[in-house]
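Trainee: I have just opened a structure that is new to me. Could you take me through it step by step?

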Amino acid sequence: MSALTAGLVVGQALPELALPLDRTTIVATAIASQDFEDVHHDPGKANDRGTPDIFMSINSTNGFLDRYVTDLFGPATRIRKVALRLGVPNFPGDTMTFSGSVAEVTDAAVTLKVAGHNARGAHVTATVTLDQPVPNPQNVGGIQ
Amino acid sequence: MEELEARFGEFVGEVAEPPRVARYAVNEAMIRNWVEAHDDLNPVYVDVEAARATGRADVICPPAMVTTWVMQGYRRWRQVQALRADGVQEDHAYSRLLALLDEHGFTSVVATAQEQEYVRELTPGTRVTCHFTIEDISPIKRTGLGNGCFITLRKRYVDQADQLLVDEKFVILRFDPTTKEPAA
């Protein structure tokens, strides 16, 4: 039982995190990832492409997922795998609330089911696999 | 539509486009901008001492940020948009596929799913190259956004020593927004 997995029980709920998202959040995260697609910053062009407003990019959603998980499990956490599906978009003015539960615990790894909902439904559902803290610097990047 | 779908086989399994080589190495400034935009206070992204306290050699790049390093940059993005507006297609399998879909009205795109397996953590100095292949193209389907097809891209991110960093499957829906049915 590692420091990461100690005390975790399958089915255990994770604390929620509510993230109010404004227009600046959606634009700033898209541009920070060098994503210039107009649907992430230009409301008129987003309309032309069939959506009522600009919406959050998948990379930004993925970034907020990382934040949710590592805030809960600590800076030593290593995210091994994220499999996510997008549902309803995140628009300016939405609040996305992350919730989740522990799906699997092994000696060294934890698998979580995580979802981020806004008022219209699930924006993202994901399976996230974490493993234990990096044991020593020589192994950084080399643990298989 | 069947005529279009019959052509999808030409693209499946093909290298989507030439490898994307990062324009610069993984660096602390880009990481800091990214974590600030996400209001992520995990210190391992910005504080080398905090990173070392977790057993790492240096600060790391947030896992979800891997895609950022191989984005083409603003100038190149403008050029690609201008080429597309002029109907000029580059001779790569992926740009030919998108041009074919454009011709049939499937002009809009949303990402629908992504799987990333993080094999190695990225640290400053890492130079990322991404190899893209077209793994699958679904038949044209009715979706809530309109008619469209799902395209699965496989992306393998490697470092300067050709070691695998991240293995990704990325699914987008390419759709025709004029075929969206009004909400009931």
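Predicted model: local features only at pLDDT ≥ 70, side-chain atom pairs only at ≥ 80, totals over all residues.

Trainee: How many helices and strands does chain A have?

Mentor: Chain A has three helices and five strands. Read from the N terminus, the order of its elements is β-α-α-α-β-β-β-β.

Trainee: What percentage of chain A counts as buried?

Mentor: The figure is 40% of the 144 residues of chain A. As for contacts in chain A between residues at least 6 apart in sequence, 65% of them join residues at least 24 apart.

Trainee: Which strand of chain A does S2(A) pair with, and in what sense?

Mentor: S2(A) pairs with strand S5 of chain A, residues 121–131, in the antiparallel sense, and eight bridges link the two.

Trainee: How many residues does each chain give to the contact?

Mentor: Chain A gives 35 residues and chain B gives 38.

Trainee: Which elements of chain A give two or more residues to that side?

Mentor: They are helix H1 (23–32), helix H3 (58–73) and strand S2 (78–86) of chain A. H3(A) supplies the largest share, nine residues. Sorted by class, the side of chain A that touches chain B holds 18 nonpolar, 10 polar and seven charged residues.

Trainee: Turning to chain B, how is it divided into domains?

Mentor: Domain 1 of chain B covers 2–26 + 71–179, and domain 2 covers 27–60. The contact between them takes seven residues from domain 1 of chain B and six residues from domain 2 of chain B.

Trainee: What classes do the residues on the domain 1 side fall into?

Mentor: On the side of domain 1 of chain B that touches domain 2 of chain B, five residues are nonpolar, one is polar and one is charged.

Trainee: How far apart are the C-alpha centres of the two domains of chain B?

Mentor: The C-alpha centres of domain 1 and domain 2 of chain B are 29 Å apart.

Trainee: Now the loops. What is the phi of Gln34(A), and where is this residue?

Mentor: Gln34(A) has a positive phi of about 65°, although it is not a glycine. Gln34(A) sits in the loop between H1 and helix H2 (43–48) of chain A.

Trainee: Why does Gln34(A) count as partly exposed?

Mentor: Gln34(A) counts as partly exposed because it has 19 C-beta neighbours inside 10 Å, whereas a buried residue needs 20 or more.

Trainee: And Asp162(B), where is that one?

Mentor: Asp162(B) lies in the loop between strand S5 (146–158) and strand S6 (164–176) of chain B. Asp162(B) is not a glycine either, yet has a positive phi of about 65°.

Trainee: Is Asp162(B) buried or exposed?

Mentor: Asp162(B) counts as exposed, because it has 7 C-beta neighbours inside 10 Å.

How values were computed:
Residues numbered from 1 in each chain as written. Chains lettered and ligands numbered in written order. Domains from an automatic or database assignment. Contact = placed C-beta atoms within 7 Å. Nonpolar A, V, L, I, M, F, W, Y, C, P; charged D, E, K, R; others polar. Helix = DSSP H or I, 4+ residues; strand = E, 2+ residues; numbered from the N terminus. Buried ≥ 20, exposed ≤ 12 C-beta atoms within 10 Å, placed from the backbone. Pairing = 2+ DSSP bridges.
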